[in-house]
Amino acid sequence: MNFYGVMAIYKFEMARTGRTLIQSIVAPVITTSLYFIVFGAAIGSRIQQVEGVSYGAFIVPGLIMLNLLMNSISNASFGIYFPKFVGTVYEMLSAPISTFEVVLGYVGAAATKSVLLGLIILATAAVFIDLQIAHPVIMMLFIVLTAASFSLLGFILGIWADNFEKLSVVPMLLVTPLVFLGGSFYSTDMLPPFWQTVTLFNPVLYLVSGLRWSFYEIAEVNVLVSLASIVAFMLVCLGIVYYMFRTGYKLRV
Amino acid sequence: MDVAAEPILSIRNLNKTYADGFQALKDINLDIHKGEIIALLGPNGAGKTTLISAICGIVRPSSGQVTVAGFDIVKDFRKTRSLIGLVPQELTTDAFESVWSTLAFSRGLFGKAPDAAHLEEVLRALSLWDKKDKKILTLSGGMKRRLMIAKALSHQPSILFLDEPTAGVDVSLRKDMWNIVNELKDEEVTIILTTHYIEEAEEIADRIGIINNGELILVQEKASLMSKLGKKQLHLDLAAGIDSIPEQLSPYKLELTSEGNRLIYTFDTQSEHTGITALLDDLNLAGIRFRDLNTTQRSLEDIFVNLVNESSEENTGAPV
């Protein structure tokens, strides 16, 4: 095990966050605050409670999930794409470091940043609403698993992308609609029966539902189904990363 | 250099064909011994960088085997790669990082525990110590080139690959670099370099390999290459032109230029008798007077150009 190699990548990536503090931390916190002001206070005050929870509190898990997904993907994808773009990836390819260790370094750092961000958003939410967390351990489990698996997805995206446009297409055109249509800001009970069925095909629904259960014990689907979904998604991502390194996909010619 | 010992780098039947069908390396065989400096010469696109990249793990060989210190570069990649340092041709750096942090990153990536004293030593040797806290984007091109070498030396490699290290570098920096190479040689670091500056290969290398069209067309000790192919020529400018070379001068195998006013005698500087004194005596006896004379030596560049042309003719049937 190349412990120093993993730590070198991890520290390098964490240091990058330090240099881009406004982009990485301040911007999401401001955005989240705006969500609470607009949806929680302004619009939320005119919305009835959703399944016994105030609307402002109801959207907290969805907001955390939105930030976790977007930031995990962008952090990890940029982390591996940038060395490819500037050419410094030669050093990693010629170093005595295995696929697993490279992934551990990049994905570990991206997931750490996302988890920290998730907790900062949670703290921001506590400023605006009276926050209750029924199952904090399960909440952390969902946050960590989501951050890790979507960081893996970001890593895959960073290897696949050969320009900046591709790098931003997936988060913007795929993840954002999935999050917004995955019950982040509403209960699927509010939808007509047909759209309720369609929503069941949205993987983000399972994540939001699981995380919301850890807060308020209300869920769209069984929490175990949510957990199984995120674990299955992580395994699929791991399989793709393994294939990419084994074949040298877009890294080694 | 102990040539009887196991080679530190051994390449057997190495081939590389890219996905588009281009064969960049054709059956390369080469042994390199510890402490040796070998220069790889070849025109652009000859396969020099592909060869280095294949050994370092950046390019996947299509077939063949490479061992480093007896370890296979695929099966035992951790052992082989930790022994190798690579200075790539391109100046690829993390512009926003500091000199010190990028060096610490490189050392860690290669599995070595932090060692500030060693990094300081490397930076001082490359005249970068006073820049250690500067961001890389503030460095000049020459400084960046030094930094690339520092990164490659950060994990104390036994083998150093320098891919066109002096491309675009000024004269003083080039001299500094070759001083560093000589110091590394004293520490028994094996150095494999590619260069376009043939005089550098001539000056610094123990052996010279010539690559063209993906084939290693020649590998030879520099001294023997120079003596084998580095003949000298004596040019005699005649006081009066002649129509033909007199019969009694035939043993010297002289050439007469088309204008008939210059004789050319080719001799081997390494042989005991060059035959120059006897030739001058015989010219005097034949009544041939000359008004000037000079000698020229074939440079490595001449040899290189000839070999590359011969190799290209064999492959294409036409001179390049």
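Which side chain of chain A meets that of B:Arg78 in a salt bridge? The partner is A:Glu101, and the N to O distance between the two side chains is 2.8 Å. This pairing belongs to the contact between chain B and chain A, where the count of salt bridges is two. The structure is a predicted model, and the prediction scores ipTM 0.82 and pTM 0.80. For chain B, the mean pLDDT is 86, with 92% of the residues at 70 or more.

The contact between the chains may be considered next. The size of an interface is often given as the accessible area lost when the parts come together. Here, chain B and chain A bury about 2600 Å² between them, and carbon and sulfur atoms account for 60% of that area. On the side of chain B, the residues that lose the most area to chain A are B:Arg60, B:Arg78 and B:Leu109, which together make up 26% of what that side buries.

Helix H3 of that chain covers residues 99-109 and is mostly covered, with eight of its eleven residues buried. Among these buried residues are B:Val99, B:Leu103, B:Phe105 and B:Leu109, as well as B:Arg107 and B:Gly108. What do the buried residues of H3(B) pack against? Their neighbours come from both chains: helix H1 (3-19) and helix H5 (89-93) of chain A, and helix H4 (116-125) and helix H5 (141-153) of chain B. After H3(B) comes B:Gly111, which has a positive phi, near 80°.

Chain B as a whole can now be described. Its secondary structure consists of ten helices and 14 strands, and its C-alpha trace spans about 80 × 45 × 40 Å along the principal axes. Of the 320 residues in chain B, 46% are buried. The accessible surface of the chain comes to about 15100 Å², and 48% of this belongs to carbon and sulfur atoms. When contacts between residues at least 6 apart in the sequence of chain B are considered, 69% join residues at least 24 apart.

B:Asn182 is placed in helix H6, residues 171-186 of chain B. Is B:Asn182 buried or partly exposed? B:Asn182 counts as partly exposed because its relative accessibility is 36%, which falls between the limits of 20% for buried and 50% for exposed. Its C-alpha atom is separated by 10.0 Å from that of B:Ala205, which is 23 residues away along the chain.

Helix H2 (21-43) and helix H6 (99-128) of chain A each supply at least two residues of the patch. The largest share, seven residues, comes from H2(A). One member, A:Ile43, lies in helix H2 of chain A. With a relative accessible area of 40%, A:Ile43 is partly exposed, and so passes the cut-off of over 30% that patch residues must meet.

How values were computed. Residues numbered from 1 in each chain as written. Chains lettered and ligands numbered in written order. Heavy atoms only, no water. Helix = DSSP H or I, 4+ residues; strand = E, 2+ residues; numbered from the N terminus. Buried < 20%, exposed > 50% of the residue type's maximum accessible area, 1.4 Å probe, protein only. pLDDT = per-residue confidence, 0-100. Buried area = accessible area lost by both parts, 1.4 Å probe. Salt bridge = Lys/Arg side-chain N within 4 Å of Asp/Glu carboxyl O. Contact = heavy atoms within 4.5 Å. Areas by Shrake-Rupley, 256 points an atom, 1.4 Å probe, with all protein chains shown as cover.
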